[in-house]
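Here's a walk through one protein model, taken a piece at a time. Have the viewer open and click along as you read.

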Amino acid sequence: MRVTLLGPQRHVAGARTALAQLVPEGLVTTVNAGWQEREGELHELHQVIGGRMVALELHRRWLGLLDADPVLASAQRALDERLAELRAVYGLRLEHACAAIGELQHRMPGGEVAAAATDDAVSALRALDDWHLRLAAEARQAYASVAAGRPDVQRERGEVAEAVRACRGVVVTGGHVGVLLHLLRLFGVEEELRGLDPGTPLLTWSAGAMALSERVVLFHDHAVGGESSPGPGPQPVEAYAAGLGLFPGLLPFPHPRRRLRTGDPGHLALLVRRFAPLRCVLLPEGARLDLPGGGGTTGPGQPGDLPDSARWLGPDGRVRTGADTEGARV
């Protein structure tokens with residue numbers, strides 16, 4: 001499969017152009033489960049795809065299964081409760097870990113001791129992320145074991161697999177990244193995408209790009225009104241879950257102007273250190289990254305096989321474009 005990452009599609013023009021170029025004819029399978037209750041509102045996608053669209057309707061299928069199968073519904077409740085508890089505990093620890101790094105960066109003088117303390121604090125933060133991801137993955141695996149044994153789930157998976165295999169291209173939209181990721185796994189879409197022919201185009205944006213990456217990171221540095229959140233230190237950016245990993249080595253950040261402190265290189269440099277060796281790639285509106293071979297596999301700060309138009313964060317927190325090693329403005 002050939003992955004194309006797009007910026008947010010507020011007016012869908014970019015997706016329409018890319019799809020016309022990459023999949024000029026044939027059926028296009030669409031996944032918009034992240035829209036949740038709005039999954040059936042397909043007017044925007046019809047503008048992009050037209051009459052060639054085969055909507056998988058994963059959210060509708062999921063709700064139907066939960067209504068019909070009390071065993072699956074009980075497993076779903078148990079998963080939701082476990083993940084909520086984990087996230088609450090993780091969030092509390094994360095707040096203190098980030099605050100400690102912020103205090104070290106803004107209050108302590110420079111020197112070897114302060115640098116060593118910061119390195120150790122970042123290592124502790126990475127270990128905390130790993131702890132949360134590991135326990136969340138165990139909870140999701142317990143749910144998956146139950147779902148795998150439910151006949152109705154297997155029937156739905158068969159229908160989904162048939163639709164994906166008949167396509168000439170796939171589109172995965174944005175929305176609620178947690179719901180989208182959950183349903184991509186529940187209905188076996190992950191395995192079907194991995195089994196596509198190498199040349200099959202896969203277009204995705206926003207939450208879709210996040211779910212298909214190696215790691216799903218939740219971030220929002222700004223308050224609702226657009227002002228930066230208060231506090232001297234880095235804001236809690238969450239390592240939410242392992243993603244599908246369909247384009248290795250890259251960590252996408254959609255809506256960077258709206259959701260990241262792009263004018264704070266120190267904050268962005270911490271993100272680079274925290275999530276290394278994944279490379280932090282920005283996906284503003286209008287972005288289009290056609291990833292050769294499924295994505296970049298080199299470490300942070302290395303241009304690798306990213307397109308020249310790609311915007312990514314260097315180790316110093318500066319935004320760089322393509323192979324540019326000097327930095328670029330967002």
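The largest pocket draws at least two lining residues from each of α4 (70-107), α5 (112-148), α7 (177-186), α8 (189-194) and β7 (238-242). Helices here are DSSP runs of H or I with at least four residues, strands are runs of E with at least two, and both are numbered from the N terminus. The top contributor is α5, with 10 residues. The space inside comes to about 710 Å³, and among the 32 lining residues, Leu-79, Leu-83, Arg-140, His-182 and Arg-185 sit closest to the centre. A pocket is an open set of points on a 1 Å grid over the protein atoms alone, where a 1.4 Å probe fits and protein lies on both sides within 12 Å along at least five of seven lines; lining residues have an atom within 4 Å of a point. The volume is the space filled by probe spheres set on those points, which are joined across faces, edges and corners.

Before going on: this is a predicted model, so to speak of local features takes pLDDT of at least 70 and side-chain atom pairs pLDDT 80 or more, while totals for chains, interfaces and linings use all residues. Residues are numbered from 1 along each chain as its sequence is written, and side-chain values use heavy atoms, without hydrogens or water.

Back to β7: four of its five residues are buried, so the strand is largely enclosed by the rest of the structure. Buried means under 20% relative accessible area with a 1.4 Å probe, counting protein chains only. Across the chain of 330 residues, 52% are buried.

Two strand pairings are worth a look (a pair needs at least two DSSP bridges):

| Pair | Sense | Bridges |
|---|---|---|
| β6 (215-218) and β7 | antiparallel | four bridges |
| β2 (28-31) and β4 (169-172) | parallel | four bridges |

Leu-218 has Glu-238 of β7 as its bridge partner, and Thr-29 has Val-170 of β4.

Definitions and conventions. Buried means under 20% relative accessible area, exposed over 50%, partly exposed in between (1.4 Å probe, protein chains only).
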